[in-house]
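Here are my notes after going through the model you sent over.

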Amino acid sequence: MAREFVHLKVRRQDNPNSQPYWEEFKIPYKPNMNVVSVLMELRKNPVNAQGKKTSPVVWECNCLEEVCGACTMLINGQPRQACSALIDKIEQEPIVLEPLTKFPVIRDLMVDRQVMFDNLKKVKAWVEIDGTQNLGPGPRFPEKIRRWAYEISRCMTCGCCMEACPNVNAKSSFIGPAALAQVRLFNAHPNGQMNKEERLQAIMGKGGITDCGNSQNCVQVCPKKIPLTTSIADLNKETTLYGIFGWLKR
Ligand code: SF4
Ligand code: SF4
Ligand code: FES
């Protein structure tokens, strides 16, 4: 029998301090829908499964092609992007949508991922430049490094790895796998190497690399297949060497 509805069960929260509650919806099915397009249909006509008018469900999206990370949420318990979650490929219904649990909820499925951007600042995840004038082509990476550096550069700060990491939680200040991988990327960059020591120092303190328990959950959920655990292992070596020999340079 042809499918008539997409059955959603959404964990809703009206504001950052209010109690969450569940609401179910039945949205008319169309071929090739994804979770974002279902939520867009719902926004046009916010009526719940009991036929009662309700407030539209709030969520974030931007690129609609799994590049910006904004639409990341829990879909049937898995952290992933709503824009690339095709309805026809989701087996369990009702489809349960929840906000990520490691970030403060702003409203419904929208969370505040600011901590990830703060962590990138802590580790100077950028390359310093002299000015905004045309500086010409940048230096070339050796091919062997370029391959993995490109993989890491695809991080979209989506938060899936933070969600899956048991060591990222309300009691810890662990900066998490995404920012650590960016340290490896910018320390490998021919110009970024200028701030290599500052980055290593930043991850050697509280909330840094020693807070990783090597459970490997992060690498399994990363939608961009970023070599997170390899990067963390590499940084473990780098920080150990820096801890032993770094003082020689002072
Ligand atoms: S390997 Fe480290 S960063 Fe990745 S999930 Fe485990 S504890 Fe978290
Ligand atoms: S490392 Fe992967 S899972 Fe983590 S924020 Fe970046 S893209 Fe998302
Ligand atoms: S809207 Fe950008 S990743 Fe989904």
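**Notes on the model**

1. Let's start with ligand 2, which has 13 residues around it, and the closest of these are Cys155, Cys158, Gly159, Cys161 and Cys222. Bear in mind as you read on that this is a predicted model. By class, the shell around ligand 2 holds 11 nonpolar residues, 2 polar ones and no charged ones.

2. On to the other ligand. Ligand 1 also sits among 13 residues, with Cys165, Cys212, Gly213, Ser215 and Cys218 coming nearest. Which elements give two or more residues to this shell? They are helix 7 (217-221) and helix 8 (228-245). The shell around ligand 1 splits into 6 nonpolar and 7 polar residues, with no charged ones.

3. Helix 8 brings us to helix 5. The axes of helix 5 and helix 8 come within 9 Å and cross at roughly 60°, which makes helix 5 oblique to helix 8. The crossing of these two helices is left-handed. On the helix 5 side the contact uses Pro177, Ala178, Leu180, Ala181, Val183 and Arg184, while helix 8 puts in Leu228, Thr230, Ser231, Ile232, Asp234 and Leu235. Sorted by class, the residues of the contact of helix 5 with helix 8 come to 8 nonpolar, 2 polar and 2 charged.

4. Helix 5 (residues 177-188) has another crossing to look at, with helix 3 (residues 143-153): their axes come within 9 Å and the angle is roughly 135°. Helix 3 and helix 5 are therefore oblique to each other, and helix 3 passes helix 5 in a left-handed crossing. Helix 3 makes the contact through Ile145, Trp148, Ala149, Ile152 and Ser153, and helix 5 through Ala181, Gln182, Arg184, Leu185 and Ala188. That contact of helix 3 with helix 5 divides into 7 nonpolar residues, 2 polar and 1 charged. If you're colouring residues, note that Ala181 and Arg184 of helix 5 are in the contact with helix 3 and also in the contact with helix 8.

5. What about helix 5 and helix 6: at what angle do they pack? It is about 165°, with the axes of helix 5 and helix 6 (residues 196-204) 10 Å apart. The two are therefore roughly antiparallel to each other, and their crossing is left-handed. Leu180, Val183, Phe186 and Asn187 of helix 5 meet Lys196, Arg199, Leu200 and Ile203 of helix 6. In class terms, the contact of helix 5 with helix 6 has 5 nonpolar residues, 1 polar and 2 charged. Leu180 and Val183 of helix 5 belong to this contact and to the one with helix 8 as well.

6. Have a look at how strand 4 is held. Strand 3 (residues 72-75) and strand 4 run antiparallel and are joined by 4 bridges. Across this pairing, leucine 74 stands opposite proline 79 in strand 4. The loop between strand 3 and strand 4 contains asparagine 76, whose phi is near 50°, a positive value in a residue other than glycine.

7. Which peptide bond is cis? The one from glutamate 93 to proline 94, with omega near 5°.

How values were computed
Residues are numbered from 1 along each chain as its sequence is written. Chains are lettered from A and ligands numbered from 1 in the order in which they are written. This is a predicted model: local features need pLDDT of at least 70, side-chain atom pairs count only at pLDDT 80 or more; totals for chains, interfaces and linings use all residues. Side-chain values use heavy atoms; hydrogens and water are left out. Two strands pair if DSSP finds at least two bridges between them. A residue is near a molecule or strand if one of its heavy atoms lies within 4 Å of it. Ala, Val, Leu, Ile, Met, Phe, Trp, Tyr, Cys and Pro count as nonpolar, Asp, Glu, Lys and Arg as charged, and the others, Gly among them, as polar. Axes are lines fitted to C-alpha atoms, for helices over the stretch in contact, and angles run from 0 to 180 degrees between N-to-C directions. Angles under 35 degrees count as roughly parallel, over 145 as roughly antiparallel, 65 to 115 as roughly perpendicular and the rest as oblique. A crossing is left-handed if the near helix is turned anticlockwise from the far one by less than a right angle, and right-handed if clockwise. Contact means heavy atoms within 4.5 Å.
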